[in-house]
Amino acid sequence: MGIAVLALVGLSPERVAALTAAGYVVREGKKYANRTDALRDGGDVRAVLTNGRGGLSGDEMKLLPNLEIVCAVGAGYEAVDLDTARSRGIAVANCPGTNASAVADFAMMLLMASTRHLLQADRFVRAGGWQDQWRVETPTLSGKRLGILGLGTIGGQIAHRAARGFDMEIGYHNRTAVAGSAYRYFDSLIELATWADFLVVAAPGGAGTRHLVNAAVLAALGPKGYLVNIGRGTVVDTAALIDALQAKRIAGAGLDVLEGEPSVPPRLPELLQFDNVVVTPHCAGRAPEARTAATALILANLNAHFAGKPLPSPVSLKA
């Protein structure tokens, strides 16, 4: 009998086939009436697949007496109870970098789509308009200043694309400066937003980053500035963003993530009223190449754990 793996996230047929071929017995949470029923049927489950937003709480871990490893299928793991995992000796792994290229590409696409008002122009043409009636002037990216909140793997790839492809000047804000980075470090997010023409959020979720982009940051970005968020919805204060858009304190936004996920974000209808806002359904990392890379890393982590070997991408459980 193979090792039971409970998937609390949707799995592609290819991923299920790869896990099954490796000897795992995959139990898909979506086939149960609800998440709790899936967990209560997990007495033999030794591994859980989840994601950053859904995570796995301490109370949920109590329903899995034989749980040995939790693996987040993406980079995020903010909703996994690391304290409980530590106390029970449960290993935690994630899949950093597997979708970094896809997300970085998408970030640049959102930046271009929002600044050049792509969707507004498309709607204009579909309604019968053409260039002699088009009155919207849109800024270029080339040679401008790009601020990045979160210069991790994804943020670094965004910076590379912007610098090499668009000759942009790059600044960033992290908790600490990145050793060896050639980009300009700002120890204040307000100062970064004041300096930047465009601000891209590539920071992870969690209590430490909640509403980092607030009314003051948006005001600092200014009436010609654009915001792009491909990190986590909770990093941006949605109410402050809507207020800034209504008052024209910023020029526009491109958003792949919003507060309230994974359900439909409650303030989505308000955001969709703005012509200068582009919203996509948290799909930046959904590329076949990213999925293949993540599947390989999931398997590498599971195989290493059950073979008694070090995990390729462990999450630190140090107190």
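Me: What makes the crossing of α1 and α12 right-handed?

Reply: In this predicted model, α1 passes α12 in a right-handed crossing. The term applies because the near helix is turned clockwise from the far one by less than a right angle.

Me: Why are α1 and α12 called roughly parallel?

Reply: The two helices pack at an angle of about 25 degrees, with their axes 10 Å apart. Angles under 35 degrees count as roughly parallel, and α1 and α12 are therefore placed in that class.

Me: Which residues bring α1 and α12 into contact?

Reply: Arg 15, Ala 18 and Leu 19 of α1 meet Arg 291, Ala 294, Thr 295, Ile 298, Leu 299 and Leu 302 of α12. By class, this contact has six nonpolar, one polar and two charged residues.

Me: Why is α5 described as oblique to α7?

Reply: Helix α5 (residues 100–115) and helix α7 (residues 153–166) pack at an angle of about 55 degrees, and their axes are 8 Å apart. That angle makes α5 oblique to α7, because roughly parallel requires under 35 degrees and roughly perpendicular 65 to 115. The crossing of α5 past α7 is right-handed.

Me: What is the make-up of the contact between α5 and α7?

Reply: On the α5 side, the residues include Ala 100, Val 103, Met 108 and Met 112; on the α7 side, they include Ile 154, Gln 157, Arg 161 and Phe 166. The residues of this contact divide into 10 nonpolar, three polar and two charged.

Me: What makes β2 and β5 edge strands of the five-stranded sheet?

Reply: The open sheet has the order β2-β1-β3-β4-β5, with parallel pairing. β2 (24–28) and β5 (91–93) each have a single partner strand, so one side of each is left without a neighbour in the sheet. Neighbouring strands are turned by 20 degrees against each other on average, direction ignored.

Me: How do you know that β3 and β4 are paired?

Reply: Strand β3 (residues 45–50) and strand β4 (residues 69–72) run parallel and are joined by four bridges. The pairing follows because at least two bridges are required. Leu 49 stands opposite Cys 71 in β4. Helix α1 (residues 13–21) packs on this sheet, touching β2 and β3, and its direction makes about 145 degrees with that of β2. Helix α12 (residues 288–306) also packs on the sheet, and its direction makes about 165 degrees with that of β4.

Me: Which strands are the edges of the seven-stranded sheet?

Reply: This open sheet has the order β8-β7-β6-β9-β10-β11-β12, with parallel pairing. β8 (184–185) and β12 (277–279) are its edge strands, as each pairs on one side only. Within the sheet, β9 (residues 198–201) and β10 (residues 226–229) pair in the parallel sense over four bridges, and the bridge partner of Phe 198 is Tyr 226 in β10.

Me: Why is the pair of Tyr 172 and Tyr 185 called tilted?

Reply: The structure holds five aromatic pairs, among them Tyr 172 and Tyr 185, with ring centres 5.3 Å apart and planes at 50 degrees. The centres qualify because the limit is 6.5 Å, and planes under 30 degrees apart would count as stacked, over 60 as edge-to-face. The pair is therefore tilted. Tyr 172 lies in strand β7 (residues 169–173) and Tyr 185 in strand β8, so the pair ties together parts that are 13 residues apart in sequence.

Notes. Residues numbered from 1 in each chain as written. Predicted model: local features only at pLDDT ≥ 70, side-chain atom pairs only at ≥ 80, totals over all residues. Heavy atoms only, no water. Axes fitted to C-alpha atoms, helices over the stretch in contact; angles between N-to-C directions. Parallel < 35°, antiparallel > 145°, perpendicular 65-115°, else oblique. Contact = heavy atoms within 4.5 Å. Nonpolar A, V, L, I, M, F, W, Y, C, P; charged D, E, K, R; others polar. Phe/Tyr/Trp six-rings, centres within 6.5 Å; stacked < 30°, edge-to-face > 60°.
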